Amino acid sequence: MNALNLAVIVVYLVVVAWVGLRGSGKQRSSDDYFIGKGQMPWWAVCFSVVATETSVLTVISIPGGAYTDQAFGNVELAIGYIIGRTVVAFALIPLYKRGGFVSAYQYLEQRFGRYLQGVASVTFVFTRLLADGVRLFAAAIPVQLLLDEFGVNLGYDVIIAVLTLVTVFYTYLGGIKAVIWTDALQMALYLVGAFIAIGVLTSHVGASGYSDAFHAGKFQLFDTNFDLGHILTSPFALPTAIIGGALFTMASHGSDQLIVQRILSTSSVRDSRKAMIGSGVFIALQFAAFSLLGALLWAYNNGRSAKEMGLATADSLYPDFILHGLPVVISGLLVAGILGACMSTLSSSLNSMANSTVADIVRSFSRRELSDQIMLRMGRIMTLVWAVLMAGFAMGFSATTGNVYLTALTIAGYTYGALLGAFLLGRLIKRANELDAIVAFVVTVAVMTFVVRVIKIDVTAGGSVVEKGIAAQWLVPIGVLVTLAVGGIASRLHPAPTSPEPVKANW
């Protein structure tokens, strides 16, 4: 029976590669490879954005979090996400589309200069290496569980290598078009899988299971604990989720090339806005579905902890149910859906990292004009380079990493404030030049590293006082404020530009 599940997964991997290559056609230019010549339909881009940010973290960590103590907090968080995306849709997207950019950081080059553009690009690719390395590792968890059931003992490293090889195959050849069309397929698969699991769980627990979960607080939407320590440390406290979530998504969707690149592949500003705001609505629906899964799993397992069930962490609860609570072939299809969530993020990351490397670093700092064919060839080479490095980073994590969803959010907190802050500095402080912006950027990353790793707040939990770090959503506004403050002060240390256009630093 497990052999059938494995066969389903293998067939799925082959189909995904075929769909990616079939939908992409032959890539003849760098614009075609990186933004699909700006001709992709908005609804496909919307699905691609959702699939890219969903990844395997949503699929396994949100049910695990809802099972333990987060309830429907992620849906509350999604409300802030919708607000933040709406701001991005009207404040930043027109800048990118009307500027004819293929990278978000080309705006920084236009406003400040190529050095800040390069700093932002390098920061982006290394943030993606770490954050998506966590995501890639997380995808290996359910696959290993399935292989163990079949009597095949493969380590995480081998599974990570195979996933990377399959994904890089269609990403290397098909570019952004392959990424977008496969993302749409993968999103459909993991959502269908979630609804199937919800249906099966409902048939097991019945109305009484829903009632038990409700009275246990598993359907709680809003966290109304307004204790200051709780607000600063809990990702799901109401102000943190709404305000912090909105600012966090402004950074992730307005200044992170991973998402911006997808938006740039639409044909107009209007289509870009529809794709951006629509993705927020779909994310809210997804969060609701996967949170419901967690609540139903709690009722199904009678509230037993992951340890009591012999599992390493709560992230293993949903994969374990897929393997033991669903019929054969269906369980294989759902594991394939988890792989699809991982592959969609991985393919998007590889293409956007290659895009940023070529557009923001190689082309900007090249001493000669590069032909479009050279740019296309370099883009493909960098796709391979980043694939190898991504797999290496993923192999550095372990099953003791913890909740991988919150781990990835924290990693982004190191740099997202500096990235969004650089864009806002350019828009809000007209006298700031490139040197001001670079100083502010570097200082912000240093400050945020200190905040993430050192600053702890005493919070009362379960009758005892524990130390917790600042919630990931607050890291972005803190970083933005540091960037604006440092950049604003630095801009006062030199004469204001006499030209109506911003003056770049004299290097």
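**The core around Y190**

Modeller: This is a predicted model. Setting aside neighbours within four places in sequence, Y190 has contacts with V50, A51, T54, V59, Q286, F290, G337 and A341. Y190 belongs to the largest nonpolar core, a set of 141 residues. Together with Y96, L108 and Y318, Y190 is among the residues with the most contacts inside that core. The element that gives the most to this core is helix 8, which spans residues 156–215 and supplies 20 residues. Another core lies apart from this one; it has 12 residues, including V451, I457, A471 and L475.

As for the setting, 19 helices and 2 strands make up the secondary structure of the protein chain. The radius of gyration is 22 Å, close to the 23 Å that the globule rule gives for 507 residues, so the protein chain is as compact as a globular protein of that length. Along the principal axes, the C-alpha atoms fill a box of roughly 70 × 55 × 40 Å. Of the 507 residues in the protein chain, 60% are buried. Among contacts in the protein chain with a separation of 6 or more, 85% are between residues 24 or more positions apart.

The protein chain carries 32 positive and 27 negative side chains, with the centres of the two sets 12 Å apart.

Technical notes: Residues numbered from 1 in each chain as written. Predicted model: local features only at pLDDT ≥ 70, side-chain atom pairs only at ≥ 80, totals over all residues. Heavy atoms only, no water. Core = buried A, V, L, I, M, F, W, Y, C linked by side-chain atoms within 4.5 Å. Buried < 20%, exposed > 50% of the residue type's maximum accessible area, 1.4 Å probe, protein only. Helix = DSSP H or I, 4+ residues; strand = E, 2+ residues; numbered from the N terminus. Contact = heavy atoms within 4.5 Å. Rg over C-alpha atoms; globule rule 2.2 N^0.38 Å. Lys, Arg positive; Asp, Glu negative; His and termini not counted. Charge placed at Lys NZ, Arg CZ, Asp CG, Glu CD.
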